[in-house]
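Here are a few notes to read alongside the model. Have a look at it first, then go through the points in order.

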Amino acid sequence: MKIILTGSLGHISRPLTQQLLKAGHEVTVISHNSDRAPEITALGATPAIGSIADEAFLTQTFAGADAVYLMITAAASGMDIFAAGKQQAQTYVNAVKAAKVKQVVNLSSIGAEGGPEVGALHIYNIIEGVLTAGLPGVNLTFVRPTGMYYNLFSHLTTIKQSQMIYTNAAIDKPQSWVAPADIVPVAFKALTAPEAGVTSQYVASDELSYQQVAIILGNALGLEVKVVQIDDDTALKGMLAAGAPASFATEYIKMVAFERDHDFYADYRQHQPVLGPTKLTDFAANELVPAYQKLS
């Protein structure tokens with residue numbers, strides 16, 4: 001099969017590229033960074049250097065493809081994240097239709113069934129809606145990972161400073177977490193052996209409260225790590241002080257508060273996935289500890 005991947009060589013796209021190539025598929029990887037081209041070529045894939053906002057570029061790159069993997073990268077600083085997501089989704093729709101691609105896999109997210117009340121995650125509801133409405137007759141798979149393990153990298157600085165994790169999330173309420181590596185086989189299957197029509201699938205690796213996360217990280221680092229729940233205003237000020245765009249920070253805090261105060265996982269439980277093999281203990285040892293050791 002001829003398969004096109006967006007996402008350059010990120011946490012998911014790199015191992016997905018490698019697995020597809022190993023299985024004998026022809027893979028093109030889209031990246032906006034020309035410096036990535038030699039690395040993509042070295043893997044055995046074809047680089048396509050250009051912007052995912054460029055409809056003509058996407059249409060040309062998608063031409064002749066059996067399947068495409070779509071993801072939305074971060075909006076430019078200061079942009080409305082929902083307007084940016086809707087615009088990018090429509091650009092994808094136009095390019096997929098023009099190139100006559102019949103199989104699309106979109107990296108979506110838990111919370112995609114929710115409205116504005118879910119904060120930043122509402123962008124995935126918008127994207128799924130635009131793709132579904134705009135691509136009738138296309139086999140469309142939405143892969144919905146839960147909270148990414150690599151979001152925990154943001155806590156390494158305060159762990160280094162004071163052995164503390166600060167969050168406005170509920171610290172004793174189980175959350176679902178996922179390793180990028182466990183998303184790869186799900187995306188691989190959706191690209192190479194698609195189901196007909198519009199489908200969605202949750203992907204998760206572990207279910208842990210922040211208190212359990214702190215214990216696991218502490219054990220991995222040889223520290224006594226504690227977690228403290230802070231209020232929403234304090235969390236927002238912290239994100240703004242760290243340089244996060246105000247529009248995103250506001251919606252992110254709203255997202256975490258909704259997860260804390262409501263039955264955020266209702267739809268997830270109705271479509272409960274089999275948990276992937278990569279537990280947080282594994283990810284902490286292999287990814288978080290080396291990153292922590294590099295901090296000054």
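1. Start with Lys254, which sits in helix α10 (residues 246-261); helices here are DSSP runs of H or I with at least four residues, strands are E runs of at least two, and both are numbered from the N terminus. This is a predicted model, where local features need pLDDT of at least 70, side-chain atom pairs count only at pLDDT 80 or more, and totals for chains, interfaces and linings use all residues. Residues are numbered from 1 along each chain as its sequence is written, and side-chain values use heavy atoms, with hydrogens and water left out.

2. Setting aside neighbours within four places in sequence, Lys254 touches Pro116, Glu117 and Gly119 (contact means heavy atoms within 4.5 Å). The C-alpha atoms of Lys254 and Val118 are 6.7 Å apart, though 136 residues separate the two along the chain.

3. Now go to α8 (residues 210-221), whose end C-alpha atoms are 16 Å apart.

4. The buried residues of α8 include Tyr210, Val213 and Leu217. Among the elements that the buried residues of α8 pack against are β9 (175-178) and α12 (280-293).

Key: Expected span 1.5 Å × (residues − 1). Buried < 20%, exposed > 50% of the residue type's maximum accessible area, 1.4 Å probe, protein only.
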